There are 2 protein chains.
Amino acid sequence: KEQFNQISPSEFFYSNRDLAGFSNPTRSLYTAVREFVENALDACDQKGILPDVHLIIKAVDPDKPDPKPYILTVKDNGPGVDTEHIPLAFGTVLYGSKFGLKQARGMFGLGATMAILYGQITTNKPVVVKSSTDGQTQDEFEILLDIQKNKPVILKHTKKETSKQGLSVSICLEGDYSKAGSKIRDYVYETSLITPYATITFDDPKGEKFHHARFVKDIPPPPTIIRPHPHGIDVERIRRMIVESQFEIPVIDDIMIEKVRKDLGLSKKNLSFAAIMDKAKKKWKNLSRQVRVVVALMSFLKMDFEKLSKIRIEDLDVSNKKLSYWDFGDSQSKVVDIDPESPYYKQLTNTVQGEPLTTFLTKRFQRIGPTTAVKFAEFAGFKPEKRMGTMSNQELVQLSDSLQKFEDFQAPDPTCLAPLGEEPLEKGIKKFFNPDFTAVVQRPASAYSGFPFIVEMGIAYGGDIKPGGPHVYRYANRIPLLYDEGSDVVLKVVNDTDWGRYKVKGEPPFIIISHICSTRIPYKTAGKENVADRPEIERELRLGLQFLSRKLAAYMSKKGQAEMAKKR
Amino acid sequence: KEQFNQISPSEFFYSNRDLAGFSNPTRSLYTAVREFVENALDACDQKGILPDVHLIIKAVDPDKPDPKPYILTVKDNGPGVDTEHIPLAFGTVLYGSKFGLKQARGMFGLGATMAILYGQITTNKPVVVKSSTDGQTQDEFEILLDIQKNKPVILKHTKKETSKQGLSVSICLEGDYSKAGSKIRDYVYETSLITPYATITFDDPKGEKFHHARFVKDIPPPPTIIRPHPHGIDVERIRRMIVESQFEIPVIDDIMIEKVRKDLGLSKKNLSFAAIMDKAKKKWKNLSRQVRVVVALMSFLKMDFEKLSKIRIEDLDVSNKKLSYWDFGDSQSKVVDIDPESPYYKQLTNTVQGEPLTTFLTKRFQRIGPTTAVKFAEFAGFKPEKRMGTMSNQELVQLSDSLQKFEDFQAPDPTCLAPLGEEPLEKGIKKFFNPDFTAVVQRPASAYSGFPFIVEMGIAYGGDIKPGGPHVYRYANRIPLLYDEGSDVVLKVVNDTDWGRYKVKGEPPFIIISHICSTRIPYKTAGKENVADRPEIERELRLGLQFLSRKLAAYMSKKGQAEMAKKR
Ligand SMILES: Nc1ncnc2c1ncn2[C@@H]1O[C@H](COP(=O)(O)OP(=O)(O)OP(=O)(O)O)[C@@H](O)[C@H]1O
Ligand SMILES: Nc1ncnc2c1ncn2[C@@H]1O[C@H](COP(=O)(O)OP(=O)(O)OP(=O)(O)O)[C@@H](O)[C@H]1O
Ligand SMILES: [Mg+2]
Ligand SMILES: [Mg+2]
């Protein structure tokens, strides 16, 4: 007999930690650094705080050979995390604050907890999290993970005074700094290049300090969540949007009646039905939707508050224009007709049948105006006033397909994106590579599957750059990607380029930098190592690289001429 | 204020379905085929049934252009799934029967549910599962997924008579057969090559039938779960093994007392304490562990059954040799001393303190004999009789590290693996490629991180093979891998080979086939597209390829001489 089991997501990622970048002590030390540093930068970005991030790696016993236990600590001056969220944020997999559609480094709710998990299973030590959200009180937690249940186990929790806001997380994990060290140092300076407004300090196990002070003072605006774009839609997403947009008939209990009386200013008075309706008409503009629905129901029931408290609404059948209720006084069900001519009819049907299609489109999606909404309705084969609550399953699919196929929607809104910008990118390249030649370009915003993205690229030659190029530096949402370049879309584009055509022969000293920022980066793995070759992204990279390669060719040409001139 | 959310694993894979191979209609149609066919083959393998797998893909509306809805059905003659497990197996992510350590195609508990999820979000249609475990009654389920809750929603469940055992699963999903078709046809014949004892039929949307009859009658033995190997260990795994091996002090309630009386043959008699101990001594060999512990406790309490029913055991403090209990009669806690000279002392301490280290090793791991266990204890710095329940956290880490570092353990046991075999591999290559030259090799068993694996490879030249080689065919646990070869360890090894040295010039007509089978394939993604370059696996592939390349070189040399002779 087959033995079936349900495993928790932490159990899944524990058994398959390669999928999240924790395959061995070298890679794991690197990934743990990445996950904590990126959390610190995300937190500061979200609150508009110029980030100060301090990374410390110390060997527990420096004389032992690698791999061995290290203590990894990352401190930031960010907003910290509230007391009640700390154990879950760090002790639970698939728990986080970055699931919404916005440009952020984090997206899975997985990273910090995986690093802590890896530490725990290699050294049995709990994570220590210290957080202050107000610069006065600091929470200090010692947390172990219950991997089978995906729950934190709080070993210790103390509060004490502090003078600094921010968060510090510290784990003990088995790592191999002798192998991971150069990649970690690269990660640190590459992060500084793409995040010039952040100050990053790294104290390494050998006692060396790497200090990258911020060289730019303007911080990008905090990322904002945007509404979805129709091209990224599927039936599940539409269903959920309809459920959100639909309004339940409120339960008319004493609390509800009290609320209606209060909003109508009738808490103390016991007016007749007619007087109540009159008062409601006067106050209509300021009534909440819930109260309006109750008033509408009262209008059909022709009841005052006294009578209303003695019944319970059973069903609202819009198509047959019947409202049924249970009368507690007579202990039986009763039915009233709903007059479609009544001014309150619309209020009730809106509630049950949902919004009209055009309202659904303009309100729930980004950048759909009323004209486009009507045009789309025609294209999709629906009446513009079709109620969302009356869509059959077949019609939902028809709507979903049409939303993806309609060509006249505006492109996804890129104003929620925070690219680095051509000037800071050039500044960073010059700072770190001191090249003889630099060119940068920011491509116009584009989109894949409804997600807006912007590609920025840079090319540089000579100076301190080592031969053996092109050396490719890849970034996604300001995260340096240092592994698995072989299956990344950027390398595909670089390797497809015939560099000889651009007068670049042999393996000369030049670098290519690419940065893709989007509300959703299509990573190939949960370890965020490389980006999938979505056609739209590949296209922007190609166009960007062509543009830069021509500039490089022009430079190489001049350089070649200058050298020829010298020889003569 | 940051808004925190917990998402379910189905929600995670819904939002990140690229990670599981469902990135677009072309890829998704392929991956869905893969997941269902592999489930069918796993199920038959597990029960020693020669598999008959029938794959059907039909366009819902053949005249529409791709991408469009298809109905994908996979039927097998396997053992089916029991009624109570069907909704969870197909409607829940991270639910399955293949989490144990054995060679199987499935390992994540994800595949079938993801295919069903993709179908549902593109066409809003439920999955139809028909299953018969006895060839007499068939369950038919229509299931929708609650993606947010990771639960199945059963729309319909009927039972009817049937004459065939097996399972059929059918989904409606948006696919692109015009683009995925050739990969699906390749997948089918490549599966036949590596699973020669399976008959696979494919009815494609154009009405074509591809029939691959089995060409071998022997089915490999069903995969068996093996014990872990010390080299794959971590602290979490050791903790769990200790918890499993530890025995709780049984609760001594009336039910327990009744059981002890029954096992001692004293249900009817009310003997004195001394007489009970006497009887226990006589029956000792046949008493269960639970009963022995109760007898041991009674020996220290010096109580008969009557008195025993009036107390409750509170604590057993072995280090201080004290047993404390609550006396209901006097309403107070009492303590008795435990005499370490007593023959029952050992019984109690075993229970609380767990097994000795040497027993833990020989019983819980594969292939550790008593001598090796003692040698290891010395290496790790423990007394061989050290009780597992008395390990401190520091000692657990010391044990875990030592288990990974000790060099004198036997290699992991490969007898649980089911490689294809050199002869069937050669037969399959000849059947499908009709080459002029073929060579195959099965490398000796090896291991990575405590997981045993076997590499088998084949090389073939000429015949029906198209030029432009080497064409590389990769397999892992009998699954053909058709995507992302660029980041697969096999391509790394093939591309590192200087084919000119083996007299293979240009892009000649030759193929290389590799098959890795293991209790755990180190896939890089949850979509099972490519295999990570673990050093041990890479080494075996290199040695295998060297061996085959030399044989190819010898053939090319002969071939070259023969052609020269012809010219003269
Ligand atoms: N330094 C920090 N300051 C403030 N909040 C933090 C910090 N580190 C983590 N968090 C919070 O903890 C949550 C969980 O972090 P975690 O890294 O596990 O997931 P994530 O960042 O949301 O996604 P990803 O797995 O892609 O990194 C975050 O969403 C964030 O809200
Ligand atoms: N055709 C089938 N016959 C018998 N059992 C099946 C069949 N298909 C699926 N199952 C059962 O359903 C479970 C879930 O299948 P699913 O494909 O989701 O996960 P898996 O095969 O265990 O792992 P993976 O995600 O790696 O494929 C399987 O473990 C198996 O027990
Ligand atoms: Mg994170
Ligand atoms: Mg499966």
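Modeller: Happy to. The model is predicted, with local features needing pLDDT of at least 70 and side-chain atom pairs counting only at pLDDT 80 or more, while totals for chains, interfaces and linings use all residues. Residues are numbered from 1 along each chain as its sequence is written, chains are lettered from A and ligands numbered from 1 in the order in which they are written, and side-chain values use heavy atoms, with hydrogens and water left out.

Biologist: Thanks! Which other residues have polar atoms by an oxygen atom of ligand 1?

Modeller: A:Met107 has a polar backbone atom 2.7 Å from an oxygen atom of ligand 1. For A:Glu35, a polar side-chain atom lies 3.4 Å from an oxygen atom of the ligand. The protein covers 96% of the 590 Å² of accessible area that ligand 1 has on its own (areas come from the Shrake-Rupley method with a 1.4 Å probe; for residues, only the protein chains shown count as cover).

Biologist: How many residues surround ligand 1, and which are the closest?

Modeller: There are 24 residues around ligand 1, and the closest are A:Ser97, A:Met107, A:Leu110, A:Gly111 and A:Lys528. To be near the ligand, a residue needs one of its heavy atoms within 4 Å of it. Ligand 1 lies between chains A and B.

Biologist: What classes of residue make up that shell?

Modeller: The shell around ligand 1 has 12 nonpolar, 8 polar and 4 charged residues. Here Ala, Val, Leu, Ile, Met, Phe, Trp, Tyr, Cys and Pro count as nonpolar, Asp, Glu, Lys and Arg as charged, and the others, Gly among them, as polar.

Biologist: And which element gives the largest share of it?

Modeller: Helix 2 of chain A, with 4 residues. Helices (H or I, at least four residues) and strands (E, at least two) are DSSP runs, numbered from the N terminus. Helix 2 (25–46), helix 3 (86–91), strand 4 (95–96) and helix 4 (111–123) of chain A each supply at least two residues of the shell.

Biologist: Now ligand 2. Why is that site called shared between chains?

Modeller: Because residues from chains A and B surround ligand 2. The closest of its 24 surrounding residues are B:Ser97, B:Met107, B:Leu110, B:Gly111 and B:Lys528.

Biologist: Which residue has a polar side-chain atom by a nitrogen atom of ligand 2?

Modeller: That is B:Asp76, at 2.8 Å. A backbone N or O atom of B:Phe108 lies 2.9 Å from an oxygen atom of ligand 2. Taken alone, ligand 2 exposes 600 Å², and the protein buries 96% of that.

Biologist: Changing topic: is B:Arg240 buried or exposed?

Modeller: B:Arg240 counts as buried, because its relative accessibility is 14%; buried means under 20% relative accessible area, exposed over 50%, partly exposed in between (1.4 Å probe, protein chains only). B:Arg240 is found in helix 6 (residues 235–245) of chain B.

Biologist: What does its side chain pair with?

Modeller: A polar contact of 2.7 Å joins the side chains of B:Arg240 and A:Glu11, and another of 2.8 Å joins those of B:Arg240 and B:Glu236. Not counting residues up to four places away in sequence, B:Arg240 touches A:Glu11, A:Tyr14, A:Ile147 and A:Gln148; contact means heavy atoms within 4.5 Å.

Biologist: Where is A:Arg261 found?

Modeller: In helix 7 (residues 254–263) of chain A. A:Arg261 counts as buried, at 12% relative accessibility.

Terms used: Polar contact = N/O pair within 3.5 Å; in protein donor to acceptor, adjacent residues only side chain to side chain.
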